[in-house]
Amino acid sequence: MDTFKAFFKGLSDWVGRMTPSQVMMLLGLSAGSIVGAVMLFGWVNSVTYSRLYANLDAAEAGEVVNWLNDNQIPYQLSDNGSSIDIPQDDVYRARLSLAAEGLPRGGTVGYSVFDQNNLGMTDFLQNLNFRRALEGELTRTIMQLKEVQAARVHIVMPKDRLFKEAQEEATASVLLKLRGSGRLTAAQLDGITHLVSASVEGLEPPNIAIIDYNGNLLSGGKEADPVAGLTANQLEARKQIEQHLESKAQTMLDRVLGPNTAIVRVTADLNFAQREQTSESFDPNQQIVRSEELTRSDNQMSDKPAEEAESTESGSSETTVTNYEIGKTVAHLVEAVGSIERLSIAVMVDGTYEAPPADADGAAAPVYQPRTQEDLDRLAAIVKNAVGFDSQRNDAIEMVNVPFNQTDLDLDRQALDSMYLQQFWWDVGKNVGLVLLAVFALFWLRKRASKLFKALGQIAPAPRPAPTPAPAPAPAAEPATAAVSTADASFGSADQRQPTLVDHMQKAAREHPDEIAKVIRTMMADS
């Protein structure tokens, strides 16, 4: 206990001898250490929240929050309560548990609305619930698409009319909110249209409108103009075939000649006419029994048709009539739609470049050399094999050897090289600066720490030596030498060791505190 009191008393005396600037620096260092420790503790014990569900309606968000409260899972609400975040480690476990509870239900009413047995429900309410259930089930199905974030389906079912002419058609509209910048393909829009049409009795695809979140019409009335729809499909099919053939030829030339040395373009003429052909063929050598008739008579004569057989026995006769039919084969042939009628291939090939002469200056450009006809024929054969060239279809290919303009490419390369070198030297300078800063900080902290440890060593209480005989008094002319000799004698007689510099400084600090304070102030001023 005495040791602690002595330590704090010495610390208090040491602080009291400090200048105001030294006290402020000590307080700043202490406050920074405390703040750093608090921040480190908060970072270690911080909780990372992740999104559990988003775009929930108020009812379902309330049910999810109640479940989280019951299971003592912390949560955070955002987006006006429609999004819920929980600790990242609990996300998947909570989703599985909520799925077992049937949550969330997507914010729509499905066929579960009929699970409740409501007695006395009128036909109007029954039809209304059926329409709501159908809209909810369609909404859930459409939201299974990964591009769709949210969806709403509205169906209008007209009342049954007495006369067919007065009967109105059913209509539907689908509102979609897509994820980010995602887009639905034409095939996906057609799929949604046919899904809704097949789910509602009497609903035709032309009566279904699909719009996005911004009110843009994505699909609607497409089947009312079959020619336009077919033309769009034809152009898409032609584009895909041309790109596929170009890619096959381009990749082969790039492997042979290198990148940016050849350009391939393919134009495909497709036949979209749908033809059906029915043919019949007869084989006279193949006779098939069509029918056979047996007639029996007693002593009666009758006309005998062709190809008949007769037998008479005991005054009776039997007549067999056999009808034959010639074999016939009927073939119904439907030709494929979109077959290739003709290909037109255009290929541009760059030449070769030789190094400039040895006596040319450094800025001389490489010398262009055109390719030989033999090389062009060999490259044309490669392209023909890649795209499936067929001379019977009157396919055509044109291969031209021209020098490519490399000016823009060279400028881009130089710009990229300059950017790379600039970034490289910037990174080098930044790393060197960081190393120098770390070395400077290390030396500065080392200097400050050494001074601090020396000061703490000066104010620490010295060990009490064993009692020894009093030394002889020193001459009055040398007080400092006498004090040091006394300290040396007292410490040497205690443990028979040589006195250290710290022992001398401790002794001097106890006997001459004013002088030590001046020394410390001088050190702080020098720093």
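**Reading the labels on a predicted structure**

Biologist: Arg93 forms a salt bridge with Asp90, and the closest N and O atoms of the two are 3.5 Å apart. What makes this pair a salt bridge?

Modeller: The term asks for a side-chain nitrogen of Lys or Arg within 4 Å of a carboxyl oxygen of Asp or Glu, and 3.5 Å for Arg93 and Asp90 meets that condition. This is a predicted model, in which local features need pLDDT of at least 70, side-chain atom pairs count only at pLDDT 80 or more, and totals for chains, interfaces and linings use all residues. Residues are numbered from 1 along each chain as its sequence is written, and side-chain values use heavy atoms, with hydrogens and water left out.

Biologist: How many salt bridges does the rule give, and why is Arg93 called partly exposed?

Modeller: The count comes to 7 salt bridges. Arg93 has a relative accessible area of 45%, which lies between buried (under 20%) and exposed (over 50%), both found with a 1.4 Å probe and protein chains only, so the label is partly exposed.

Biologist: How do you know that Arg131 and Glu135 form a salt bridge, and where do these two residues lie?

Modeller: Their closest N and O atoms are 3.8 Å apart, so the pair falls within the salt-bridge limit. Both residues belong to helix H5 (residues 123-142), 4 residues apart, about one turn of the helix; a helix here is a DSSP run of H or I with at least four residues, a strand is a run of E with at least two, and both are numbered from the N terminus.

Biologist: Why is Glu135 called buried, and why is Arg131 called partly exposed?

Modeller: Glu135 has a relative accessible area of 14%, so it falls under the buried limit, whereas Arg131, at 30%, counts as partly exposed. In helix H7, Glu242 and Arg238 are likewise 4 residues apart, and their side chains meet in a salt bridge at 3.1 Å, N to O. Glu242 is buried at 16% relative accessibility, while Arg238 is partly exposed at 32%.

Biologist: Why is the pair of Tyr353 and Tyr368 called edge-to-face?

Modeller: Rings of Phe, Tyr and Trp (its six-membered ring) pair if their centres lie within 6.5 Å, and their planes are stacked under 30 degrees, edge-to-face over 60 and tilted otherwise. The centres of Tyr353 and Tyr368 are 5.4 Å apart and their planes stand at 65 degrees, so the pair is edge-to-face. Tyr353 lies in strand S13 (residues 352-354) and Tyr368 in strand S14 (residues 367-369), so the pair ties together parts that are 15 residues apart in sequence.

Biologist: Which residues touch the most other members of the largest nonpolar core?

Modeller: They are Ile345, Val347 and Met399, out of 21 residues. A nonpolar core is a set of buried Ala, Val, Leu, Ile, Met, Phe, Trp, Tyr and Cys residues joined through side-chain atoms within 4.5 Å. The largest share of this core, 7 residues, comes from helix H8.
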